[in-house]
Amino acid sequence: MQLPEISIPLTLPFEVPVMLHPVVVHFAFVLPIVVLLLELSNLAFKRRALSVASLAFLLLAVGVFLASYFTGKADGSEAFDLLGEEARGELKAHRLLGTYLVYALLIPVVFKLMAMILAQKWARGALIVTLVMFISFVAKQGYDGGELVYKYGVNVAPVTEAREAVEDMNTTIAEQNATIGELKAELEALKAKEEKGVGEAVNEAVNEAVSKVKDMLVEANATVRQLVDANDSSAATNAPVETNETNGTL
């Protein structure tokens, strides 16, 4: 059975720096154990100072678990995009259990207040039982967090370097795409210019051919006229001479 998704409806007025989660979670693991030891000691010594110290550490644990939640959220968001599908699933489960632990810590707080106000043994016994159960889940959460770091490399140096490399690569790709776009535009301009140049060359060749044909026709026409004139002159020269038989003269 999968736990339902929950969150903490609290927004911080500042941005949480990354890499603080490993520092905070150590206190989140230790403080419930300290409270349990104080409560067990109080069973033997029955000192009010031990009870007050237990409550103080328990309330401090609430603040530490809230800090663990927000620092873990910051670190998880930083590394999420660089993880594989399996690692992302583990990270989501880790965050979900951490959220439940923040709410679950309120149960020992309630039993602690009841034990101090009512002074009933059952309330103190319930407090110790819930602390033991809570610490076991915290230990599970700590194991999962270590697995995320050592197995999947969440927020270790190679992952950070990989993220920077990906960002640099994306920048390079964007620059290359811009350069490719410019080159494509220049290529289209060259093609248009080349096509225009070919058209002009064809027009010039056609005009030159037409001009040559016209010149040839003019020369042929002149030659034909010369031949016609020469033929007319030859015909006139070779025409027969008429005689005048009446007067006997030519």
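I started at Lys-140, which counts as partly exposed because its relative accessibility is 44%, and buried would require under 20%. This is a predicted model, and I kept that in mind for the entries below.

**Lys-140 and its partner**

I looked for the partner of Lys-140 and found Asp-144, joined to Lys-140 by a salt bridge with N to O at 2.6 Å. I noted that Lys-140 and Asp-144 both sit in helix 5 (residues 121-150), and that they are separated by about one helical turn because they are four residues apart. Is Asp-144 buried or exposed? I read a relative accessible area of 13% for Asp-144, so Asp-144 is buried.

**The other salt bridge**

How many salt bridges does the structure hold? I counted two. I then checked accessibility at both ends. Lys-112 has 1% relative accessibility and so counts as buried. Glu-39 also counts as buried, because its relative accessibility is 1%.

**Helix 3 against helix 4**

I turned next to helix 3 (residues 85-104) and helix 4 (residues 106-118), whose axes come within 5 Å and cross at roughly 10°. Angles under 35 degrees count as roughly parallel, and helix 3 and helix 4 are therefore roughly parallel to each other. Which residues make the contact? On the helix 3 side I listed Val-102, Tyr-103 and Ala-104, and on the helix 4 side Leu-106, Ile-107 and Pro-108. By class I recorded six nonpolar residues in this contact, with no polar and no charged ones.

**Whole chain**

I went through the secondary structure and found six helices and zero strands. Read from the N terminus, the elements run α-α-α-α-α-α. Of the 250 residues, 25% count as buried. Among contacts with a separation of 6 or more, I noted that 77% are between residues 24 or more positions apart.

**Confidence**

The mean for the protein is 83, and 80% of the residues reach 70 or more. Where does pLDDT stay under 50? I found this over residues 241-250, for which the model has four contacts beyond four places in sequence. Where pLDDT is low, the predicted coordinates should not be read in detail, and I took no further entries there.

Notes:
Residues are numbered from 1 along each chain as its sequence is written. This is a predicted model: local features need pLDDT of at least 70, side-chain atom pairs count only at pLDDT 80 or more; totals for chains, interfaces and linings use all residues. Side-chain values use heavy atoms; hydrogens and water are left out. pLDDT is the predictor's confidence in each residue, from 0 to 100. Contact means heavy atoms within 4.5 Å. Axes are lines fitted to C-alpha atoms, for helices over the stretch in contact, and angles run from 0 to 180 degrees between N-to-C directions. Helices (H or I, at least four residues) and strands (E, at least two) are DSSP runs, numbered from the N terminus. Angles under 35 degrees count as roughly parallel, over 145 as roughly antiparallel, 65 to 115 as roughly perpendicular and the rest as oblique. Ala, Val, Leu, Ile, Met, Phe, Trp, Tyr, Cys and Pro count as nonpolar, Asp, Glu, Lys and Arg as charged, and the others, Gly among them, as polar. A salt bridge is a side-chain nitrogen of Lys or Arg within 4 Å of a carboxyl oxygen of Asp or Glu. Buried means under 20% relative accessible area, exposed over 50%, partly exposed in between (1.4 Å probe, protein chains only).
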